[in-house]
Amino acid sequence: MADIHITEIMNYLASKGEKDSLPSQNGAEGFFLELKFNDPEGKKSGVVDEDFKNEVITADCPYGSVTILFDNEGQLKSIEIC
């Protein structure tokens, strides 16, 4: 199993020019980070989870608010942190 910490992802994205992946240096605004789990080629797993179809889960974490989105097949679509 591999571990990736949010701060590592934030720093990597910032190094690629995505400055909104880091908290504001002046303390004014926060940041926005989205992790997408869909395949860019459009492949689907074929697994449908009726319980999670189009569901949204919101929770707090040390980085701010986390929103977990599921697609119309009940598969994990994205995790947004802001």
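1. Is Asn 54 buried or exposed? Asn 54 is exposed, because its relative accessible area is 54% and the exposed class begins over 50%. The model discussed here is predicted, and every value in this note is computed from it. Asn 54 sits in the loop between strand 1 and strand 2. Its backbone deserves a remark: Asn 54 is not a glycine, yet it has a positive phi of about 55°. For background, most residues other than glycine have a negative phi.

2. Strand 2 (residues 56-61) and strand 3 (residues 64-70) run antiparallel and are joined by 6 bridges. The two form a hairpin, with 2 residues between them. Several bridge partners can be named. Asp 60 has Ser 65 of strand 3 as its partner. For Ala 59, the partner in strand 3 is Val 66, and for Thr 58 it is Thr 67. In general, strands of a sheet pair through backbone hydrogen bonds, either parallel or antiparallel.

3. Strand 3 also pairs with strand 4 (residues 76-81), again antiparallel, through 5 bridges. Here too there is a hairpin, with 5 residues between the strands. Gly 74, in the turn of that hairpin, has a positive phi of about 80°. Val 66 is bridged to Ile 81 in strand 4, and Val 66 is also the bridge partner of Ala 59.

4. Ile 68 is a residue of strand 3. How accessible is Ile 68? Ile 68 has a relative accessibility of 24% and therefore counts as partly exposed, as the buried class lies under 20%. Leaving aside residues up to four places away in sequence, Ile 68 touches Glu 55, Val 56, Ile 57, Leu 76, Ser 78 and Ile 79. Pro 23 lies 45 residues from Ile 68 in sequence, and the C-alpha atoms of the two are 20 Å apart in space. As a general point, side chains in a regular strand alternate between the two faces of the sheet.

5. Which residues line the largest pocket? The lining consists of Phe 37, Asn 38, Asp 39, Gly 42, Lys 43, Lys 44, Asp 71, Gln 75, Leu 76 and Lys 77. By class, 5 of the lining residues are charged, 3 are polar and 2 are nonpolar. The space in this pocket comes to about 170 Å³.

6. Lys 43 is exposed, with a relative accessible area of 57%. The C-alpha atoms of Lys 43 and Gly 17 are separated by 28 Å, and the two residues are 26 apart along the chain.

7. Glu 18 belongs to the loop between helix 1 and strand 1. Its relative accessible area is 42%, so Glu 18 is partly exposed.

Notes
Residues are numbered from 1 along each chain as its sequence is written. This is a predicted model: local features need pLDDT of at least 70, side-chain atom pairs count only at pLDDT 80 or more; totals for chains, interfaces and linings use all residues. Side-chain values use heavy atoms; hydrogens and water are left out. Two strands pair if DSSP finds at least two bridges between them. Helices (H or I, at least four residues) and strands (E, at least two) are DSSP runs, numbered from the N terminus. On a 1 Å grid over the protein atoms alone, a cavity is a set of points where a 1.4 Å probe fits but cannot get out, and a pocket is an open set with protein on both sides within 12 Å along at least five of seven lines; lining residues have an atom within 4 Å of a point. Grid points are joined across faces, edges and corners, and a volume is the space filled by probe spheres set on the points. Ala, Val, Leu, Ile, Met, Phe, Trp, Tyr, Cys and Pro count as nonpolar, Asp, Glu, Lys and Arg as charged, and the others, Gly among them, as polar. Buried means under 20% relative accessible area, exposed over 50%, partly exposed in between (1.4 Å probe, protein chains only). Contact means heavy atoms within 4.5 Å.
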